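This briefing concerns the structure shown below. It covers a pocket, the nonpolar core, a helix and selected residues in turn.

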Amino acid sequence: MIGLSTHNLQQFEAAVESGADYIAVGPIFATGSKTNPDPVVGVDFVRQARKLTRKPIVAIGGITAERAQEVLDAGADSIAVIRDILSAKNPAARVRQYLKLLPAAAQPAGN
């Protein structure tokens, strides 16, 4: 699968017209994972993007388990997370929290 990362509406619209299988959008929230992050696009950007394509949308940037459902409800098909898992006292338990939000992700491939 090929994906494109986008950080604004112009990039997103170009990605829609491309042959990309999925489109990443973000950062949704402020992120500490990058030293020079792009400007925050917010959850409303996910809602706007969802209206423009049926391609899967992957939300990234500053997402926590507490904010993940809001992002999914806005139209993201999935989320990408770094800091919230790596900084958790129990990373495995934190991953299980995310898997409960995305039941299909908890299923082994082919099921």
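The largest pocket has a volume of about 290 Å³. A pocket is defined on a 1 Å grid over the protein atoms alone, as an open set of points where a 1.4 Å probe fits, with protein on both sides within 12 Å along at least five of seven lines; its volume is the space filled by probe spheres set on the points, which are joined across faces, edges and corners. This is a predicted model, in which local features need pLDDT of at least 70 and side-chain atom pairs count only at pLDDT 80 or more, while totals for chains, interfaces and linings use all residues. Residues are numbered from 1 along each chain as its sequence is written, and side-chain values use heavy atoms, with hydrogens and water left out.

**Pocket lining**
- Lining residues (an atom within 4 Å of a point) number 20 for the largest pocket, and Thr 31, Ser 33, Ile 60, Gly 61 and Gly 62 lie nearest its centre.
- The lining comprises seven nonpolar, nine polar and four charged residues, where Ala, Val, Leu, Ile, Met, Phe, Trp, Tyr, Cys and Pro count as nonpolar, Asp, Glu, Lys and Arg as charged, and the others, Gly among them, as polar.

**Helix H1**
- Phe 12, Ala 15 and Val 16 are the buried residues of H1; buried means under 20% relative accessible area, exposed over 50% and partly exposed in between, with a 1.4 Å probe and protein chains only.
- These buried residues fall within an arc of 105 degrees seen down the axis of H1, so they line one face of the helix; the arc is that of the directions from the helix axis to the C-beta atoms.
- Exposed Gln 10 and Glu 17 are carried on the face of H1 turned away from its buried side.

**Selected residues**
- Thr 6 belongs to strand S1 (residues 3-6) and counts as buried because its relative accessibility is 2%.
- Ala 59, in strand S3, counts as buried at 0% relative accessibility.
- Contacts of Ala 59 (heavy atoms within 4.5 Å) beyond four places in sequence include Val 25, Ile 28 and Val 71.

Technical notes:
Helix = DSSP H or I, 4+ residues; strand = E, 2+ residues; numbered from the N terminus.
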